[in-house]
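Dear colleague,

Please find the structure below, followed by a short account of what was found in it. I would be grateful if you read the two side by side.

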Amino acid sequence: MKKTYLKQTKIRKIKIIDVSIDWVNWLNDKQIVQFSKQKNNRHTLSSQKKFVKKKLEDKNSVLYGIFFEDNHIGLVELDLIDKFNKNCEISYFIGEKNLWGKDIASIAINMALNEAFNKLGILKVYAGVYSNNYPSHRVLLKNNFKKEGDLKNFYKYNNNRVSKIFFGLDKKNYKKI
Ligand SMILES: CC(C)(COP(=O)(O)OP(=O)(O)OC[C@H]1O[C@@H](n2cnc3c(N)ncnc32)[C@H](O)[C@@H]1OP(=O)(O)O)[C@@H](O)C(=O)NCCC(=O)NCCS
């Protein structure tokens, strides 16, 4: 993973005041949400505030904003935190498409993994990814995740069925950048 934008990239827990028209527009952008159920909903400032409020009350989720040069550009979430089994799911997106391909998501994911493994006591993080979402595979592989499962014909994608690929990372294989 390239560290070119390491200094400019930060994550912090999201707040209600982070909800913005930019964020709403990211969620209404068909290209950004093509690999998410969000593509079936119309998003507004009010629906988004409701969503964030619910997340802030959810003890099994931590939602971080991704900031590039102090501007909010995306999200990374630790969800389905299972305190007994010490595992959780990770998901992410970069809403500012002009910043794609610069390793920013990979860096932000690395930072969220540090929180999971070194602050929340998590031992295993996993992600479920559309088989045709190549950039998403890459950000996980660059963070040392391994492909650990393949559920065939899981998702509807346009007129096709595609697999859900499970990627997993054990704490012992995590490398902080
Ligand atoms: C997936 C996503 C978060 C990646 O963010 P990013 O900051 O561009 O990620 P990185 O720059 O760290 O890595 C992207 C990788 O995908 C590759 N890539 C392929 N097609 C690409 C494209 N159209 N745009 C950007 N990167 C692309 C890049 O080359 C890079 O791989 P490399 O390091 O081997 O060159 C971003 O594309 C996104 O938000 N997509 C929409 C939401 C989404 O799919 N989220 C994941 C759901 S599981």
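The shell around the ligand consists of 11 nonpolar, 4 polar and 4 charged residues (Ala, Val, Leu, Ile, Met, Phe, Trp, Tyr, Cys and Pro count as nonpolar, Asp, Glu, Lys and Arg as charged, and the others, Gly among them, as polar). Please note that this is a predicted model, in which local features need pLDDT of at least 70 and side-chain atom pairs count only at pLDDT 80 or more, while totals for chains, interfaces and linings use all residues. Residues are numbered from 1 along each chain as its sequence is written, and side-chain values use heavy atoms, with hydrogens and water left out.

The ligand is surrounded by 19 residues, each with a heavy atom within 4 Å of it. The largest share of this shell, 5 residues, comes from α4 (helices are DSSP runs of H or I with at least four residues, numbered from the N terminus).

An oxygen atom of the ligand lies 2.7 Å from a backbone N or O atom of Gly 101. A side-chain N or O atom of Ser 106 is 2.5 Å from an oxygen atom of the ligand.

In helix α2, Gln 48, Val 52 and Lys 55 are buried (under 20% relative accessible area, with exposed meaning over 50%, 1.4 Å probe, protein chains only). Viewed down the axis of α2, the buried residues fall within an arc of 60 degrees, so they line one face of the helix (the arc is that of the directions from the helix axis to the C-beta atoms). On the other side, Ser 46, Lys 50, Lys 54 and Glu 57 are exposed.

Yours sincerely

Technical notes. A polar contact is a pair of N or O atoms within 3.5 Å; within protein, one must be able to donate a hydrogen and the other to accept it, and residues adjacent in sequence count only if both atoms are side-chain atoms. Helices (H or I, at least four residues) and strands (E, at least two) are DSSP runs, numbered from the N terminus.
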